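Please keep the sequence and the 3D view at hand while reading.

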Amino acid sequence: MPHGVTERMIRTYAPAIFELGLNIQRRKGDAVRKLDWAAIAAQRDGTGRTDAEIAERLGLAEEQVTFIRVVAERRVFRRDQYRKLFGLGAGKRYRAGDGLAAPGLPELDAEAMLVRQAMHFDPEQVAHFAAEGLWGGETLEGWVRARAKADPQRVALKAGSVSIDWQTLDRRVSHRAARLAEAGLERGRVASVEATAAPEAVVAWLAIARLGAVALLLPPGQAMLERRLCLAKARPQIDLTATPLADSDAEPPLILPRSGLASDPVALLVAEGGGEPKLALHTHQTLAAAARALAGALTIGSGDTITASGSLAQPPALLALLLALATGARLDLAGDTQSSWHLTAAGEAGVLGQARLVVVGPPSFESLPAGAIGLWGRPEALAIALGHPLVALPGMTLRQEGGVISARGACGFAGWLGEMPAAPVGPADGGWIAHG
Amino acid sequence: MTAQADNPMEQAKAAIKAYVLSRGAVAVGIIDADTVERIAPPGFGPKALLPQARSVIAIGVPGCTRGTWRSTAKVMTFIGNSVGPIYRAAFGLSFFLEQTYGQPSLFVPPHIDPEYGNRIPLQSLKLHAELAGIGARSLAGDILLHPEFGLLYYGSVLTEMDLPPDRPMDSNPCPSPACVKLYRAEGQTPCQKFCPVECLSGSLDEAGQIDEMVCDMYRCAEMCQRYETMGDLIHDGIVAPTELDREEILYGAEAQGFLYRVTSGIGATHAQCFECMRACPVVTGAPLADPIRMGEAKRKAAKAKA
Ligand code: SF4
Ligand code: SF4
């Protein structure tokens, strides 16, 4: 032990040594300038004692005092304070209570990191998405915010006789986000939602997104065992499936924490295919890419109305919601009666008229009903290709090998949320998603 | 010729003044070493460095341009201090004294005493300058202020010459009337109010003079010195929970920014925070506080002379 100093000695003497040294300086009046010798002598303690003087006073050796003082100074030293300077000057001054002037991202806890560890993209593909503008800074909740600002009174959602405009939707999202934050939902953590085709479920997901959290979208009517398995894999911090959701149009009660980034995970979708359900992870970017690609291919604009049915946990209704958010088209939620969705051209843009867009896989295209347009979509990549013969959507690439059609691209999923602790199982083979 | 002009030490004093002014200083004062010894902590007076020291010469070089004061705190962390000009003027003066008068002289390193870590200076340059009458202690952690120049940077030269001493200032420009007004209204002076680590406190008396100045110097050191940063980074790197955390700690932007400062040397490693001074009416409002004001005064004087 240096100089015979124990940890207990440090704890014993550190406060006195810290105070007697230069660390806290106190001066009464202006004694030095006035050469007031008595006053100078009287306040020697306040202006700081040398290690030798402190040693004499405490009965320690000078080296011991130096050692204890230096250790104590290091232990109280805060490295993060310096960041405050990054936000100051050029007209901006610090105000008490500001906290860090330039706060970093909130830390993600271990559970949130498990979700992120499932994210897995092909680096070359990502560079391509960024260069081609297929991925950008758009977020789902950012779309809502922007539409509420640009077109507050326009109808965003319709469910039966209830219409919700963008401003109201935005306020409800903020209100619910605030309540979820109060309930403890943190950035990066999972919240599970009963994904009915109802405004409350839409608001809940967007609120989760606004907090930078991830929604586990669970189909209503899911078998009990399958649901248990999904919940066990995703380990939601908050389970909203058990809670009746009621939205409020009141002003949000608290300032929201920083919302999610476009590259953050935002949704977990259940992919069934026999055996245990798998959870496909999506980021804002993969979902936005799907919505943009499809909106472009179908020339959907803000004048259109999209009718969605089924669960928001399934590609048809989920895509309808994303299209509405991305384009500003009105979304009519038609309940659970139809198994696919269709577009109604209510303005200048839509080209499908009353045609139904049916989400199927490639071999099923030939059997589509007359007038329907087939879309190849899956939980891992919501919008891959259109029609028969297949035409890849912008940002997606198709490959045919040995009779198996595979796809990859900007709408592809981030990875499977594996067994807990999450195994970083991502799309194998450079992000190709095989049909089947 | 006056008696004063006949005195060779008075002549030397005038020559010293002319020399340092020509090297970029704007203020110079002298105090006898014994007076400093009487106040400095034992072992930290001038004679600890130059045993036969008779006089201490304190010089002040100007602070920032007005543009610098108006810039971001980030910019000020690099160019807010004036260590370079101090070296030029004070180091040069030590050579000038030896060459001209043949008397041992020493530029006082404005550095820490390596025996005691990184918080204890070899000498208090502030004490030298205050006693030599070129600055008075402010409420902003005892930073010296000058009524004409506002914030100065100080350097010292010790010499065995027995030079005629000056006296401390008759009055203290701190607190300024505006500061007294704010203190009466809000209980804080501007420097106290805007310090980002809230390390300044204290009080004014009935007459609006300094009653007590308190500075949590250890907090100011987190902004201005950051000498513990290196050890702290290494320690945190060693105990980092994951490899990625270790990379962020040892090679992230914070570590790189810090190491850049350390390796780039002069002007970037200390005196990095100026938020109290930025808010100080003396610092920004003194008659010769910045080159713009200095230029104006010069032109006015030249015009009056013409
Ligand atoms: S230099 Fe910065 S940290 Fe130090 S007292 Fe001034 S404002 Fe506070
Ligand atoms: S702002 Fe300047 S003048 Fe006013 S109290 Fe602080 S140091 Fe003194």
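In what follows, Ala, Val, Leu, Ile, Met, Phe, Trp, Tyr, Cys and Pro count as nonpolar, Asp, Glu, Lys and Arg count as charged, and the others, Gly among them, count as polar. With these classes, the shell around ligand 2 has 11 nonpolar, three polar and no charged residues. The structure is a predicted model.

**Chain B as a whole**

- Chain B contains 16 helices and eight strands.
- For 306 residues, a compact globule would have a radius of gyration near 19 Å, and the value of 21 Å for chain B agrees with this.
- Taken along the principal axes, the C-alpha atoms of chain B fill a box of roughly 80 × 45 × 40 Å.
- Of the 306 residues in chain B, 51% count as buried, where buried means under 20% relative accessible area.

- Ligand 2 sits in the largest cavity.
- The shell around ligand 2 holds 14 residues, of which B:Ser138, B:Cys174, B:Cys179, B:Cys191 and B:Cys280 come nearest.

**The surroundings of ligand 1**

- The residues around ligand 1 include the cysteines B:Cys195, B:Cys199, B:Cys220, B:Cys224, B:Cys273 and B:Cys276.
- Ligand 1 is also surrounded by B:Pro196, B:Val197, B:Leu200, B:Met223 and B:Glu275.
- Helix H10 (217–224) and helix H14 (275–278) of chain B are the elements that give two or more residues to the shell around ligand 1.
- The largest share of this shell, three residues, comes from H10(B).
- By class, the shell around ligand 1 has 10 nonpolar residues, no polar residues and one charged residue.

**A sheet in chain A**

- Strands of a sheet pair through backbone hydrogen bonds, either parallel or antiparallel.
- In chain A, three strands form an open sheet in the order S16-S17-S19, with antiparallel pairing.
- Strand S16 (396–401) and strand S19 (433–434) of chain A are the edge strands, each pairing on one side only.
- Strand S17 (residues 404–409) of chain A runs antiparallel to S16(A), and six bridges join the two.
- Within this pairing, A:Arg399 stands opposite A:Ser406 in S17(A).

How values were computed:
Residues numbered from 1 in each chain as written. Chains lettered and ligands numbered in written order. Predicted model: local features only at pLDDT ≥ 70, side-chain atom pairs only at ≥ 80, totals over all residues. Heavy atoms only, no water. Pairing = 2+ DSSP bridges. Helix = DSSP H or I, 4+ residues; strand = E, 2+ residues; numbered from the N terminus. Near = heavy atom within 4 Å. 1 Å grid on protein atoms, 1.4 Å probe; cavity = no way out; pocket = protein on both sides within 12 Å on 5 of 7 lines; lining within 4 Å. Sits in = over half its atoms within 2 Å of the grid points. Rg over C-alpha atoms; globule rule 2.2 N^0.38 Å. Buried < 20%, exposed > 50% of the residue type's maximum accessible area, 1.4 Å probe, protein only.
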